[in-house]
Amino acid sequence: MASKRSDAFSVNERLAALERDGLYRTLKNVRIGGPFATVDGKKALLLCSNDYLGLAEDGRVVRAAAKALKHVSQCSSRLIAGNDPSMMALEGLLAGHRGTEAALVYPTGYMANLGAVSALAGKNSTIFSDELNHASIIDACRLSGARVEVFRHNDIDHLEKLASRTKGSKMVITEGIFSMDGDSADLCRISEVAERHGMMTIVDDAHGDFIFGPKFAGVPALAGVDTDVHISSMSKGLGCFGGYVATSKGIRELLINTSRQFIYTSALPDHLCAAAVATVPIAKKGDLQKRLFANIAQFSGMLKDAGFTLGNSKSQIIPVIVGAERKAMDFSRELLANGVFAQAMRYPTVKKGSARLRVSLTALHGKAHIEAAAGVFAKAGRKTGVI
Ligand code: PMP
């Protein structure tokens with residue numbers, strides 16, 4: 001119950017409205033372990049982790065972090081006393097990985113988006129943003145103060161129409177692999193439009209990084225396009241923590257000098273940088289991606305056969321579309337009761353009425369896990385009226 005002083009902020013009314021609309025969120029106690037998790041005391045197969053390659057618990061990665069653990073954090077920002085040599089080593093590796101001149105590490109991918117977009121764009125620029133872009137991109141666009149034009153999802157004709165009637169400095173920003181749909185941006189066409197209209201291109205490749213493309217360098221590499229600014233998270237394919245921007249030397253310098261999310265916050269702890277340094281070569285070997293893609297083919301085939309609607313996913317993110325928010329929650333609860341943990345995604349993460357279970361597969365899953373999970377999905381889907 002909120003106090004009297006918080007009445008002015010309608011705390012109780014707002015919570016009641018969320019409850020009424022099926023949009024109330026609660027925290028579960030989750031302890032992860034391999035392909036499983038213990039969720040509020042119950043063991044279940046984990047189908048909602050972003051550790052796509054299963055590297056977060058890999059002994060080599062954990063040992064690298066432990067070996068570097070001399071203090072919990074540098075307790076300082078990068079420009080003061082936080083710039084441990086491991087950060088520079090990591091940035092060199094990440095630039096090489098993405099094929100750019102330079103890279104800059106941020107404490108999280110969320111901050112990398114906020115920091116890069118708001119430092120580059122301002123009130124005299126226009127940002128063209130895909131309508132399904134992640135919340136961190138939406139927030140970054142708002143924070144920049146730029147004019148924001150939202151184009152229909154992956155509708156490059158719409159992007160071109162908007163760009164052709166806009167003057168001044170322009171940038172286009174998209175996800176590489178869309179976080180709630182698992183489909184990929186049409187980077188070839190986006191890049192052509194950007195070329196025609198002199199637009200800077202920014203790709204948030206949090207979910208494509210280390211998974212797709214030659215040497216697993218991400219979706220721009222897969223599409224064979226040159227992107228001005230790559231933004232990514234290290235807590236997904238890489239199984240580590242933190243965010244980064246890979247770009248030109250000049251843009252890196254500008255970010256160091258003007259990006260408030262870089263300047264005014266403490267540096268990523270150095271043991272996490274050391275862990276990422278050790279993990280990059282492991283992630284780029286390719287054996288884990290092979291296993292992951294076999295899992296994607298097996299699971300999506302089985303779910304389609306069972307009659308589920310899966311959207312246009314081409315990746316490890318498989319949206320099982322439900323529609324109504326409450327039904328998605330019932331479906332998720334029923335799955336958990338039967339030993340499968342997959343979370344429902346609802347507004348504002350996705351559009352109202354397009355609630356879904358966002359299944360994410362990892363290289364930790366084996367054939368037997370996938371078969372068992374598909375069986376539970378079919379049974380729970382029938383019971384809750386999803387299929
Ligand atoms: N971009 C996208 C597309 C994401 O899905 C996420 C995280 N869900 C982020 C950025 C933020 O990354 P981080 O978790 O490292 O803050």
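## Talking through the fold

Mentor: Let's start with burial: of the 387 residues of the protein chain, 53% count as buried. Buried means under 20% relative accessible area, exposed means over 50%, and partly exposed is in between, with a 1.4 Å probe and protein chains only. Keep in mind that this is a predicted model, where local features need pLDDT of at least 70 and side-chain atom pairs count only at pLDDT 80 or more, while totals for chains, interfaces and linings use all residues. Numbering runs from 1 along each chain as its sequence is written, and side-chain values use heavy atoms, with hydrogens and water left out.

Trainee: What makes up the secondary structure of the protein chain?

Mentor: There are 15 helices and 14 strands. Both are DSSP runs numbered from the N terminus: helices are H or I with at least four residues, strands are E with at least two.

Trainee: What makes β4 and β6 the edges of their sheet?

Mentor: Two strands pair if DSSP finds at least two bridges between them. Seven strands form this open, mixed sheet, in the order β4-β10-β9-β8-β7-β5-β6. β4 (102-106) and β6 (147-151) each have a single partner strand, so one side of each is left without a neighbour in the sheet.

Trainee: How do you know that β9 and β10 pair, and in which sense?

Mentor: Residues 229-233 of β9 and 243-247 of β10 share four bridges, in the antiparallel sense. Ile-231 stands opposite Val-245 in β10. Helix α5 (residues 109-120) packs on the sheet, and its direction makes about 160 degrees with that of β9. Such angles run from 0 to 180 degrees between N-to-C directions, with axes as lines fitted to C-alpha atoms, for helices over the stretch in contact.

Trainee: Which residues touch the most other members of the largest nonpolar core?

Mentor: A nonpolar core is a set of buried Ala, Val, Leu, Ile, Met, Phe, Trp, Tyr and Cys residues joined through side-chain atoms within 4.5 Å. The largest one has 76 residues, and Leu-47, Met-234, Phe-299, Phe-331, Leu-357 and Phe-377 touch the most other members. Another core, of 25 residues, lies apart from it and includes Ala-112 and Met-171.

Trainee: Why is Ala-374 called buried?

Mentor: Ala-374 has 7% relative accessibility, so it counts as buried. Ala-374 sits in helix α15 (residues 367-383). Contact means heavy atoms within 4.5 Å, and leaving aside neighbours within four places in sequence, Ala-374 contacts Phe-299, Met-302 and Leu-303.

Trainee: Are Phe-216 and Asn-154 buried or partly exposed?

Mentor: Phe-216 has a relative accessible area of 18%, so it is buried. Asn-154 is at 23%, so it counts as partly exposed.

Trainee: What kind of peptide bond joins Tyr-347 and Pro-348?

Mentor: A cis one, with omega about 5 degrees. Pro-348 is in the loop between β13 (344-345) and β14 (355-360).
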